[in-house]
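The sequence and the structure follow.

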Amino acid sequence: MDRTISLIFLSFLLISSTTFSDGGSVGVNYGRIANNLPSAPKVTTLLKTHGLTRVKLYDSDPTILKSLSNTNIKVTIDLPNELLSSAAKSQSFATSWVKQNVVSYHPSTQIESIAVGNEVFVDPKNTTRFLLPAMQNVHNALVKYNLDKFIKVSSPIALSALQNSYPSSSGSFKPELIGSVIRPMLEFLRKTGSDLMVNAYPFFAYESNSDVIPLDYALFRPNPGMVDAGNGLRYFSLFDAQIDAVFAAMTALKYDDVNIIVTETGWPSKGDENEIGASIENAASYNGNLVRRVLTGGGTPLRPKADLTVYLFALFNENQKFGPTSERNYGLFYPDEKNVYKIPFTVEGLKSYRASRSPVNKREVSVSAHTWCVANKDAGKDKLQGGLDYACGEGGADCHPIQPGSTCYDPNTLEAHASFAFNSYYQKKGRVGGTCYFGGAGFVVTQPPRFGKCEFPTGY
């Protein structure tokens, strides 16, 4: 590392950490895929104690919404993916949903936005076609109740919606999404004065490319930066580069007037052996430095004057989530409300904050290539279906062979299809510990699975 550039950047960080003008805003995602979380009133107290003034839910739980009333905490609620088709097909359904989940609580509970679905483009149940009609019907309902000026409608997208993201200046959306959903959604957001919701995880990019992405660059630590050859801008963080890739993709479609809210970002405090960089030290550095970067103001290199609103993922470790160990260890707090690590959430807290600088990497360790992951039929239908949906969706398993007419569609049973999907995910992840967990619905075997004439791969 060039010492001169490093010292210049370090000086910039020190200045920005003590010059507190009006900056962006930090919120937190309140996920609840767990069986050991504190009660809603306790969670509300926890938010207030730590100065968190924004919270995003993944539903519209009445107990939580009541608990958040008269607290001045701004709330984003979610219309889940499984309700998209109903909201899209029926204006009366959308209106009834808004009446029950918004009108009943606003304004004592400060609902400021509605996330219609979550990462719909990777939903294995193919709900993308319902997204825009559902968003429009929910907005129509807000208009009916004269709430459209106070409550905005959007939908979080994952970075996988991008065809290109590196360098940032080449950012573009996947062609198959542009005409059918991206462009119409951006037009909707422009007309309604809403922001595009984006879920961005530098951890995923670093984990897969740790040989070329410097850890300091991923964690907002002092570094010489990277110059984007396409626009000449220098980036000092992977986060900024990812967000600007989305901005570039929007600009290419002539929607550079639509703003972005980062509805999810975070770093796991624990992971499997192949999840390089997952550690308490790195999670504390990423989230702590991100809070400082957001609250001290300023946007990205491409949009330097646009302050950011960012929601950290997540409030708690969630012990019933599917996937690798990291999925259950993104929390800022343990279920007993103790800090997993201590970081500030307010400008006042930043004044005495110093981030840890000890990097911790994990290197890949795999088990025998002659193992397979299959479904445990005794785990129950819900767990098997949940694991199947995760593997074929967010998990990135190759599930084409279990589609109708394909080689492994028969036998057409949940156990057979889940087994194929679980194994595809397990093999793609290098057969490391934790990748055949699926909330207890999967287990490792040492003999090739037999489901009809289907052959299960042992590696990719």
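## Aromatic rings and their partners

The charged end of K144 sits over the ring of Y145, at 5.8 Å from its centre, where a charge counts as sitting over a ring if NZ of Lys or CZ of Arg is within 6 Å of the ring centre and within 35 degrees of the ring normal. R32 likewise lies over the face of Y30, 5.8 Å from the ring centre.

This is a predicted model, in which local features need pLDDT of at least 70 and side-chain atom pairs count only at pLDDT 80 or more, while totals for chains, interfaces and linings use all residues. Residues are numbered from 1 along each chain as its sequence is written, and side-chain values use heavy atoms, with hydrogens and water left out.

Rings of Phe, Tyr and Trp (its six-membered ring) pair if their centres lie within 6.5 Å, and planes under 30 degrees apart count as stacked, over 60 as edge-to-face and the rest as tilted. By this rule there are 18 aromatic pairs, and two of them are set out here.

| Pair | Centre distance | Plane angle | Kind |
|---|---|---|---|
| F203 and W267 | 5.1 Å | 70 degrees | edge-to-face |
| F422 and F438 | 3.9 Å | 5 degrees | stacked |

Because F203 lies in helix α8 (residues 202-208) and W267 in the loop between β12 (260-265) and α11 (280-295), their pair ties together parts that are 64 residues apart in sequence; helices (H or I, at least four residues) and strands (E, at least two) are DSSP runs, numbered from the N terminus. F203 is buried at 0% relative accessibility, and W267 is buried with a relative accessible area of 0%, where buried means under 20% relative accessible area, exposed over 50% and partly exposed in between (1.4 Å probe, protein chains only). F422 and F438 are both buried as well.
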